[in-house]
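User: I am new to this structure. Please show me how to read its features, one by one.

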Amino acid sequence: MPNNSGKKAPQELFTRHKGNPILTPEMWPYPVNAVFNPGAIKLNNETLLLVRIEDMRGFSHLTVARSSDGISNWQIDSEPTLEADHNSREERWGLEDPRIIWLEDQKQFAITYTSFSEGGPVVSLAITKNFKTFARLGGLLPPEDKDACLFPRRFRGRFALIHRPIVRGEAHIWISFSPDLKHWGDHRLLIRSRHAYWDCHRVGLACQPVETEHGWLLFYHGVRNTTGGAIYRMGIALLDLDEPWRVLRRSDEWVFGPRELYELVGDVGGVVFPTGVTITKETDQLNFYYGAADCTVCVATASLSEITEYILACPRTEQ
Ligand code: BMA
């Protein structure tokens, strides 16, 4: 419902697909406990999701699902596409929560995901052209670190990585830089959790950053711990186009939160966890793919121009 100003409320910018959830454990070609938190891109006129699958041991791996409309008729790989090397220290207890971008420099896709390593969660990088064979480039920064994505291009010659280390028990979003995708430095705090807000206890990157002429749209999840458990919702920030370590705007309110039964009930109720977005420029449409209650994959759509208009009207940050 538009409010008195005729503008949509922030939470009305997103429309859930009526057929949600679009991917469930029952649809999988082999027995699994949960399918959630997928990376998303478009490849050869198809939507490709790299879905986090939790097996019955409680360990996760990543499996590709493809669809021509991004909603239905998913073709799912018949076995795990990217399985953890459980004998390695890095991937000891599985692979989780991938984000994907096309690295223009390398002419390859870059997948950043969380390896559940012996030392705790660590951000790992793999590159691929076809989602069949992958080159693993290993862990990027020390644990505990999660919720990471590269930007598709370099800034002043350096690659940039958004990630979420735990520092002094606090979970804020950071940005770091590298000349070669291996050596990382110039670490900067980017987006803090905010005392008393809906995102007071933890923040972390949601899907891959979206480039617009006004800057990078950065979708992030925010967590509030309540007596009924943690609530995971999504907010938006805008980063400078050429200096993405500068936050220009940030939404006060969340724009997407758990409301439907499939988001409220599951292995972890009260969770919407977007990890992938696809863009259809001709129709101005964004498709957000998200894990619902750590059980299924759902999709919500939004208009790129409405989101951009919304964030440009949000408060300037103090940087
Ligand atoms: C986060 C991540 C996600 C998960 C979410 C909700 O910390 O581990 O994989 O979906 O918690 O349980």
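Analyst: Start with a cut-off. A residue is buried under 20% relative accessible area and exposed over 50%, and partly exposed in between. One caution: this is a predicted model. Now a case: Arg188 has 28% relative accessibility, so Arg188 counts as partly exposed. Asp186, at 33%, is partly exposed too. The side chains of these two, Asp186 and Arg188, form a salt bridge, with N and O 3.0 Å apart.

User: What makes a pair a salt bridge, and how many are there by this rule?

Analyst: A side-chain nitrogen of Lys or Arg must lie within 4 Å of a carboxyl oxygen of Asp or Glu. By this rule the count is 24 salt bridges. Some share partners: Arg156, Asp240, Glu243 and Arg246 are joined into one network that way.

User: Which parts does the salt bridge between Arg16 and Glu263 tie together?

Analyst: Look at the atoms, then at the elements. The closest N and O atoms of Arg16 and Glu263 are 2.8 Å apart. Arg16 lies in strand S1 and Glu263 in helix H1, so the pair ties together parts 247 residues apart in sequence. Both residues, Arg16 and Glu263, are buried.

User: Where do Arg92 and Glu118 lie?

Analyst: In loops. Arg92 is in the loop between strands S5 and S6, and Glu118 in the loop between strands S7 and S8, so their pairing ties together parts 26 residues apart in sequence. Their salt bridge spans 3.5 Å, N to O. Arg92 is partly exposed, at 31% relative accessible area. Glu118 is partly exposed as well, at 40%.

User: What is the nearest side chain of opposite charge to Glu54, and how far away is it?

Analyst: Arg52, 4.4 Å away. Glu54 is buried but has no salt bridge, because the rule asks for a nitrogen within 4 Å. Glu54 sits in strand S3, residues 46–54. The Glu54 side chain does make a polar contact of 2.7 Å with the side chain of Asn33. Beyond its neighbours within four places in sequence, Glu54 touches several residues, including Val32, Phe36 and Asp267.

User: Which residues are around the ligand?

Analyst: Among them are Asn37, Arg52, Lys146, Tyr232 and Asp294. Check the polar atoms next. A polar side-chain atom of Asp294 lies 2.6 Å from a ligand oxygen. For Arg52 that distance is 2.7 Å, and for Asn37 it is 3.0 Å. Finally, look at cover. Taken alone, the ligand exposes 310 Å², and the protein buries 83% of that.

Conventions:
Residues numbered from 1 in each chain as written. Predicted model: local features only at pLDDT ≥ 70, side-chain atom pairs only at ≥ 80, totals over all residues. Heavy atoms only, no water. Helix = DSSP H or I, 4+ residues; strand = E, 2+ residues; numbered from the N terminus. Buried < 20%, exposed > 50% of the residue type's maximum accessible area, 1.4 Å probe, protein only. Lys, Arg positive; Asp, Glu negative; His and termini not counted. Polar contact = N/O pair within 3.5 Å; in protein donor to acceptor, adjacent residues only side chain to side chain. Contact = heavy atoms within 4.5 Å. Near = heavy atom within 4 Å. Areas by Shrake-Rupley, 256 points an atom, 1.4 Å probe, with all protein chains shown as cover.
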